[in-house]
Amino acid sequence: MAAYPDLFESSSDWLSHTLTNASADLPEVKTTFPDGTRISRKSVGVLHFSPPARRVNPNQEALIVSAGIHGNETAPIEVLNALASELLNGEWQLACPLLLILGNPPAMVAGARFLDANLNRLFNGAHDRPEYDGLPEAARAQFLEEACRQFAMAHPQALSHYDLHTAIRPSHREKFALYPFVADRKVPEMQCDFLLEAEVATLLLQHKAGTTFSSFSSSLLGAESYTVELGKVRPFGENDLHRFEGIKKALRRRFCGEESPAKQPPFNHLTVFEVVHEILNTGKNFQFHIPDDVANFTEYPPGTVIWEDDDTCYRVERSPQAIVFPNRDVPVGQRVGLMIRPQ
Ligand SMILES: O=C(O)CCC(=O)N[C@@H](CCC(=O)O)C(=O)O
Ligand SMILES: [Zn+2]
């Protein structure tokens with residue numbers, strides 16, 4: 001039986017409640033911890049925690065942490081569930097307002113990246129496009145945007161959003177983060193330190209705004225947002241959770257409002273890349289010349305043809321570029337990969 005039966009009914013924890021009720025339209029449920037922290041289950045997979053006003057919030061911040069935007073990226077889901085259980089079991093006290101999100105419960109049940117449409121292409125209003133009309137994932141994107149908007153309005157502290165993922169391909173750099181594009185923005189030192197604390201030693205700077213969850217929260221809510229890639233996609237039960245201790249410890253420290261620890265080698269230096277080109281499936285006899293099994297951060301020398309179609313031939317120019325997220329299996333108009341180079 002869960003510690004908070006009002007929140008999770010007969011399920012043992014947040015994750016099992018989310019999987020059991022994945023497609024249910026449950027009403028909001030609210031309860032209060034003995035220490036005065038208010039908790040609301042806004043919908044299946046969405047928990048809003050508000051510590052009492054008297055609680056000191058030393059980092060003066062509010063946090064949104066999401067996982068399971070892609071249903072088969074299970075390790076970050078297990079990490080968030082474990083942190084939620086610790087908090088609900090009273091193992092530590094929450095210092096800051098916190099919104100925890102498991103993004104796509106029906107896809108989590110199916111063990112799939114998504115069911116009808118890739119949820120992480122439906123934010124920043126993209127859910128309103130006619131081609132997504134009536135799809136549950138479009139409704140979920142709209143709901144999550146609204147939940148984040150309300151959270152940001154209720155808690156005007158500095159807002160950070162970490163959207164946790166794992167990658168389809170192996171990677172020469174196992175853990176890396178993406179910083180959504182917002183004009184004239186520079187990554188704050190404190191965020192670099194947090195990424196290193198989480199054992200994420202590589203950062204990619206996006207070159208234009210997109211329709212991802214982190215792009216929405218940074219562009220429209222003014223959050224410091226990051227998509228964080230923590231390893232490789234594996235089914236529930238097959239993750240080596242030791243490899244995710246870094247992010248778990250770093251998030252727990254932020255939730256508790258503690259100071260950032262001193263940097264420890266090898267996580268004392270962030271390597272930064274910039275995105276120079278987003279490869280899109282143009283549909284016009286589009287051909288992608290990268291093999292299916294290539295690892296993220298594989299480098300290509302100048303002159304390599306990466307893709308071509310009826311109108312364009314994209315060739316690496318001047319200095320080497322590396323590929324991230326190669327995936328030819330996407331609908332026309334969607335991303336097939338990113339080309340990056342060191343900053
Ligand atoms: O490994 C892959 O090809 C995809 C892993 C993943 O889901 N990545 C995110 C990145 C989002 C971003 O660009 O910020 C995605 O593709 O949605
Ligand atoms: Zn993902």
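These legends go with a handful of close-up views of a predicted model.

Some housekeeping: residues count from 1 along each chain as its sequence is written, while chains are lettered from A and ligands numbered from 1 in the order in which they are written. Since the model is predicted, local features need pLDDT of at least 70 and side-chain atom pairs count only at pLDDT 80 or more, but totals for chains, interfaces and linings use all residues.

**View 1. The shell around ligand 1.** Ligand 1 is surrounded by His70, Asn120, His165, Ala167, Ile168, Arg169, Leu178, Thr212, Ser214, Thr227, Phe325 and Asn327. A residue makes this list if its C-beta atom, placed from the backbone, lies within 6 Å of the molecule. By class, the shell has seven polar residues, four nonpolar and one charged. Here Ala, Val, Leu, Ile, Met, Phe, Trp, Tyr, Cys and Pro go down as nonpolar, Asp, Glu, Lys and Arg as charged, and the others, Gly among them, as polar.

View 2. Glu229 lies in strand β9, residues 224-232. Strands are DSSP runs of E, at least two residues long, and helices are runs of H or I, at least four, numbered from the N terminus. Glu229 is buried because 26 other C-beta atoms lie within 10 Å; the cut-offs are 20 or more for buried, 12 or fewer for exposed, and partly exposed in between. Skipping neighbours within four places in sequence, Glu229 is in contact (C-beta atoms, placed from the backbone, within 7 Å) with His165, Thr166, Ala167, Lys175 and Phe176.

**View 3. Glu308 on strand β13.** Glu308 sits in β13, residues 305-308. Glu308 counts as partly exposed because it has 17 C-beta neighbours inside 10 Å. Leave out residues up to four places away in sequence, and Glu308 touches Gln287, Cys313 and Tyr314. Thr211 is 97 residues from Glu308 in sequence and 24 Å away in space, C-alpha to C-alpha.

**View 4. Helix α3 against helix α8.** α3 (residues 74-88) and α8 (residues 245-256) pack at an angle of about 40°, with axes 10 Å apart. Axes are lines fitted to C-alpha atoms over the stretch in contact, and angles run from 0 to 180 degrees between N-to-C directions. Val79, Ala82 and Leu83 of α3 meet Ile247, Lys248, Leu251 and Arg252 of α8. That contact has five nonpolar, no polar and two charged residues.

Key
Contact = placed C-beta atoms within 7 Å.
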